[in-house]
Amino acid sequence: MARVIAIANQKGGVGKTTTAVNLAASMAATKRKVLLIDLDPQGNATMGSGVDKYADVATVYDLLIEEAPMDQVITTETSGEYHLIAANGDVTAAEVKLMELFAREVRLRNALETIKDKYEYIFIDCPPSLNMLTVNAMAAADAVLVPMQCEYYALEGLTALMDTITQLGKLVNPGLQIEGILRTMYDPRNRLANDVSEQLKQHFGDKVYRTVIPRNVRLAEAPSFGAPAMYYDRASSGAKAYLALAGEMLRRKEKQATAVA
């Protein structure tokens, strides 16, 4: 069964979509079967996957509102070798229409039950706000991965985000866990970044990934070419960092499986 991971942070500009696209591509590069779900009406993960959000493409709107079958909404041709459920401006309407529907919080979870045995990882790129789309992601997920910059305001907002995840878990998904905290846009020359990084490790311990994602021009350029960084410039520090993150996540999963056994 697939492990479903929501990539979420209520603060924008923290590398959430960059993480979703590049982590999906890195996992796919390890020969895992991966599905990326773009839940953000901006459709940035869709464009970053080499899929034109302005074309006549089925989206998560069709899945959640029109109840279209999965085989009609999954795009198998992406630039990252993973499968995709796309998003565009239509998804904004889904936020409103979901409020009128029965079992609105669990529509994504119910839809994923039909395909969870076909994938090893399902990543959900959440919008940078707490709305019904984010609630659907939290209800469907096994765990939440939180990308964050090592700066003061981000650290301050992290506590609120953790509280939100805990409360949502109680309401719609009691088994929801924190997959990990990922330090993004990291510059080791910045003293504040190092200080915040140390505070994160003190407060959250092994929930903080050892892998850090550096500030990297190639990561910023890759979306304009409609490709994950590893297919735009595999030798870049950003591409290598996300491959390292995928490896760290796989090792954690193997360690947990061994502990349970």
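Helix α1 (residues 16–29) is largely enclosed by the rest of the structure, because 12 of its 14 residues are buried. Here buried means under 20% relative accessible area, exposed means over 50%, and partly exposed lies in between (1.4 Å probe, protein chains only). Helices (H or I, at least four residues) and strands (E, at least two) are DSSP runs, numbered from the N terminus.

The model is predicted: local features need pLDDT of at least 70 and side-chain atom pairs count only at pLDDT 80 or more, whereas totals for chains, interfaces and linings use all residues. Residues are numbered from 1 along each chain as its sequence is written, and side-chain values use heavy atoms, with hydrogens and water left out.

The expected span is 1.5 Å times one less than the number of residues. Just after α1, lysine 31 takes a positive phi of about 75°.

Leucine 36 belongs to strand β2 (residues 34–38) and is buried, with a relative accessible area of 0%. Contact means heavy atoms within 4.5 Å. Not counting residues up to four places away in sequence, leucine 36 touches Ala20, Val21 and Ala24, and also, among others, Tyr82, Leu84, Phe123 and Asp125.

Strand β5 (residues 143–149) is largely enclosed by the rest of the structure, because seven of its seven residues are buried. In a regular strand the side chains alternate between the two faces of the sheet. Both faces of β5 are covered: one side carries the buried residues Ala143, Leu145, Pro147 and Gln149, and the other carries Val144, Val146 and Met148, also buried.

Two strands pair if DSSP finds at least two bridges between them. Strand β1 (residues 3–7) runs parallel to β5 and is joined to it by three bridges; within this pairing, alanine 6 has valine 144 as its bridge partner. Strand β6 (residues 177–186) pairs with β5 in the parallel sense over seven bridges, and here the bridge partner of valine 144 is isoleucine 178. From β5 the chain crosses through helix α8 (residues 152–172) to β6, and this β-α-β crossover is right-handed. Right-handed means that, with the strands pointing away from the viewer, the path from the first strand over the helix to the second runs clockwise.

Glutamine 149 lies in β5 and counts as buried at 9% relative accessibility. Leaving aside neighbours within four places in sequence, glutamine 149 is in contact with Gly13, Val14, Ala154, Thr184, Met185 and Arg215.

**Helix α4**

Valine 73 is placed in helix α4 (residues 70–73) and counts as buried at 1% relative accessibility. The C-alpha atoms of valine 73 and leucine 84 are separated by 8.4 Å, with the residues 11 apart along the chain. Beyond residues up to four places away in sequence, the residues that valine 73 touches include Ala58, Leu63, Leu84 and Ile85.

**Aromatic pairs and cysteines**

The structure holds two aromatic pairs. Rings of Phe, Tyr and Trp (its six-membered ring) pair if their centres lie within 6.5 Å; planes under 30 degrees apart count as stacked, over 60 as edge-to-face and the rest as tilted.

| Aromatic pair | Centre to centre | Between the planes | Class |
|---|---|---|---|
| Tyrosine 121 and phenylalanine 123 | 5.7 Å | 5° | stacked |
| Phenylalanine 225 and tyrosine 232 | 4.8 Å | 25° | stacked |

Both tyrosine 121 and phenylalanine 123 are buried. Phenylalanine 225, by contrast, counts as exposed at 55% relative accessibility, and tyrosine 232 is partly exposed, with a relative accessible area of 27%.

The structure holds zero disulfides, a disulfide being a pair of cysteine sulfur atoms within 2.5 Å. Cysteine 126 is buried, with a relative accessible area of 0%, and cysteine 150 counts as buried at 8% relative accessibility.

**Positive phi in loops**

Glutamate 67, found in the loop between α3 (60–64) and α4, has a positive phi near 55° and is exposed, with a relative accessible area of 57%. Alanine 103 has a positive phi of about 55° although it is not a glycine. Alanine 103 is placed in the loop between α5 (90–98) and α6 (107–112) and counts as partly exposed at 27% relative accessibility.
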